[in-house]
Amino acid sequence: MNTPDPHDFLAVDRDLSEEERAIRDTVRDYSRTELLPHVADWFDEGTIADPRGVAKGFGALGVFGMHLSGYGCAGTNAVSYGLACRELEAVDSGLRSFVSVQGSLAMTAIHRYGSEEQRQEWLPPMAGGDAIGCFGLTEPDSGSDPGSMRTRARRDGSDWVLSGTKMWITNGSIADVAIVWAATDEGIRGFLVPRGTPGFSANVIHKKLSLRASITSELVLDEVRLPDAARLPAADGLRAPLSCLSEARYGIVWGAAGAARACLEATLDYTGSRVQFGRPISGFQLTQRKLADMLVDVNQSMLTALQIGRLKDAGQAHHSHISFGKMANVRAAQRVAALARGLHGANGVTLEYPVMRHMANLESVATYEGTEEVHALTLGQTLTGVPAFR
Amino acid sequence: MNIVVCVKQVPDTATERKLRSDDKTLDRDAADGVINELDEYAVEEALKLKEAHGGEAAVTVLTMGPAKATETIRKALAMGADKAVHLTDDALHGSDALSTSYAMAQALGRIGFDLVVLGSESTDARTGVLAAMLAERLGVAQLTQAKKVEVSGTSIAVERVTEYGYDKVEATLPAVVSVVEKINEPRYPSFKGIMAAKKKPVETLSVADAGIAADQVGLAGAWSEVAEFAAAPPRGAGTIVKGDGDGGTKTADFLVTKKFI
Ligand SMILES: Cc1cc2nc3c(=O)[nH]c(=O)nc-3n(C[C@H](O)[C@H](O)[C@H](O)COP(=O)(O)OP(=O)(O)OC[C@H]3O[C@@H](n4cnc5c(N)ncnc54)[C@H](O)[C@@H]3O)c2cc1C
Ligand SMILES: Cc1cc2nc3c(=O)[nH]c(=O)nc-3n(C[C@H](O)[C@H](O)[C@H](O)COP(=O)(O)OP(=O)(O)OC[C@H]3O[C@@H](n4cnc5c(N)ncnc54)[C@H](O)[C@@H]3O)c2cc1C
């Protein structure tokens, strides 16, 4: 019997198809070669130096909207999409966020709720990375409770006029098109707002301490006039944006497992070579306990992600399954990152090592796409049948 | 134009590579098989030549290797090659360079080609002789160590890397070319490419299918034999030069004794 591979302890690899492995290996190879060497600098500078170049690279691989079909999308299964998210987030959560927002939020909204003209216009360039999209749901006063949004769209003849502010919008200031959700007399509706539409502007949010290798913005809509053709015709009500969020969250279930894996790998490396009291620190019982805890978290996250992925591919993933995965895996990743940070000593607080970068990133990952509390409430409602949100 | 790219599966250079104690051949099960690095450049060059010909060319991958080499074949197909021929047979196990070139030449004769593209060296056996041997066996021009390839009509011109720069070499097709790393930047396979690769034709050839005489290949047919092998000796402690204002001179003297300067 061979000793288990420390990097795939439960031999989950064997449950992947050859195609899934090929996609995983390609993303791993690409992100380690093309992105990892820059990511600490981007984090340091609080931006992605050349976001259009990064988008083009992702587009050439086929990552954007990879699990959607037609319109230039690759059309892979959900597990392959998850594996890609895991490899990207093993490099940095900001890169996975880029892909989640483009593919799972903006493109899914258009794919699922858009008109044929909207799909034809936007999906092929977005899949290719030639156009960037963002998704504006959250507002300064409306986060976990998006139904309380204040952005309004009112009819004016055959047009719509939008007013309000969206906050914390990933890629907002570089987007060619924003999917903006607004309240109307008939309920919540989605609109495609192209860059440069009069009255529409975006401001970069500075001084973040987390997800720094990602651009986050405020969107300002000041009497923005749009034709009815800019409305997503099939989106009626809050369920539409929430269903897109469920797609993106699915990617986070895998992504968090990637960040955790990266922290464990860095720590195995570091503790194996760092000598104190005359021996590698990996040789101390207290360290081994931490490594064992990390190993369990990393591998359980992977199993959770794969099981939810298989359910999704079978058309059997309930939104509460995704809540389970998001809650479990982000929490596990936060535990792993914190232990990894500690085991790196002073080196662990620098950008020379990836661990504190991951630890800081995971604070955003824990907050967006539904906080732990929101997912706990979702699971509670599923278990008891009693909603306890308000 | 028919372009055939020879692609070898080699053990991952990032893992420990071993020889088998029984027949002294490479232990291909001990390490993950990956595409020989230079062969990615060879595939890229073939694809570029195809694109330069407005797509009017077929790119065929030829791999000689065990069953698990299909993973490597898929990678080349995912990058964009059109189809593949997998020469695989237990009788081929243990072939040396001469018999490998014989077997591959037979397969190439069956496939038909205007241009054969190889890497200039593999990372496992590293003999670097295959391109020359193939050209000789096939009776066509050999253009090795290419850092640039241009084909127009039936003529081919390459820039061949030398110690002093490069030679410009020209020939008439059919020809065999081997490429060096400088030649291009291999593309990453796209997801669409990976998914399409499953559906591309891979023809499997046995020794008999390719008209290869079984006694001319494999361990039995090899002209050379690995008589013995040993692990590389551990590195010595090295020499520490202690300087007392004369460190530079002492270091230079040491380098002179080693003929570095
Ligand atoms: C880097 C980053 C990028 C983002 N990108 C986007 C984007 O692209 N698009 C977008 O629309 N949004 C985006 N967001 C916003 C994100 O989705 C919200 O921050 C998130 O929904 C939480 O909302 P909030 O920040 O208003 O917190 P709040 O909702 O105010 O929550 C504050 C705290 O109260 C708790 N809480 C709230 N309700 C309850 C309850 N019922 N019971 C118990 N506890 C409760 C929460 O769990 C949390 O701990 C991004 C956020 C970050 C940090
Ligand atoms: C460690 C080791 C040492 C060896 N030493 C010798 C030796 O000294 N003498 C000897 O005769 N044999 C030797 N062999 C046997 C060796 O396997 C064959 O010589 C081999 O098939 C051809 O040599 P190469 O890989 O060095 O080719 P190279 O000439 O280095 O490879 C150049 C290119 O040829 C193509 N190519 C090579 N092999 C294949 C293949 N199987 N399928 C498709 N394309 C291919 C690829 O495009 C590759 O980039 C050795 C094998 C090993 C593992």
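Which polar backbone atom is 3.1 Å from a nitrogen atom of ligand 1? I looked this up to begin my notebook, and found that the atom belongs to A:F389. A reminder to myself before going on: this is a predicted model.

**Entry 1: backbone atoms by the ligand**

A backbone N or O atom of A:W168 lies 2.6 Å from a nitrogen atom of ligand 1. For A:L137, I read 3.0 Å between a backbone N or O atom and an oxygen atom of the ligand. I also looked up how much of the ligand is covered: ligand 1 exposes 980 Å² when taken alone, and the protein buries 67% of that.

**Entry 2: the shell around the ligand**

How many residues surround ligand 1? I found 17, and the closest are A:T138, A:S144, A:W168, A:T371 and A:E373.

Next I asked myself which elements of chain A each supply at least two residues of the shell. They are β3 (159-170), α9 (355-367) and α10 (372-384). β3(A) gives the most, with three residues.

**Entry 3: the domains of chain A**

I wrote down the domain assignment of chain A: domain 1 (12-128), domain 2 (133-237) and domain 3 (239-384). Domain 2 and domain 3 of chain A each give at least three residues to the shell around ligand 1.

That made me curious about how these two domains meet. Their centres, taken over C-alpha atoms, are 30 Å apart. The contact takes 11 residues from domain 2 of chain A and 13 residues from domain 3 of chain A. Between them they bury about 850 Å², with 70% of it on carbon and sulfur atoms. On the domain 2 side, A:F135, A:S210 and A:L211 lose the most area to domain 3, together 46% of what that side buries.

**Entry 4: where chain B comes in**

My last stop was the second chain. I found 10 residues of chain B in contact with 20 residues of chain A. The area buried between the two chains is about 1,200 Å², and carbon and sulfur atoms give 65% of it. Which residues of chain B lose the most area to chain A? They are B:Y188, B:F191 and B:M195, and together they make up 58% of what the chain B side buries.

Note on methods. Residues numbered from 1 in each chain as written. Chains lettered and ligands numbered in written order. Predicted model: local features only at pLDDT ≥ 70, side-chain atom pairs only at ≥ 80, totals over all residues. Heavy atoms only, no water. Near = heavy atom within 4 Å. Polar contact = N/O pair within 3.5 Å; in protein donor to acceptor, adjacent residues only side chain to side chain. Areas by Shrake-Rupley, 256 points an atom, 1.4 Å probe, with all protein chains shown as cover. Helix = DSSP H or I, 4+ residues; strand = E, 2+ residues; numbered from the N terminus. Domains from an automatic or database assignment. Contact = heavy atoms within 4.5 Å. Buried area = accessible area lost by both parts, 1.4 Å probe.
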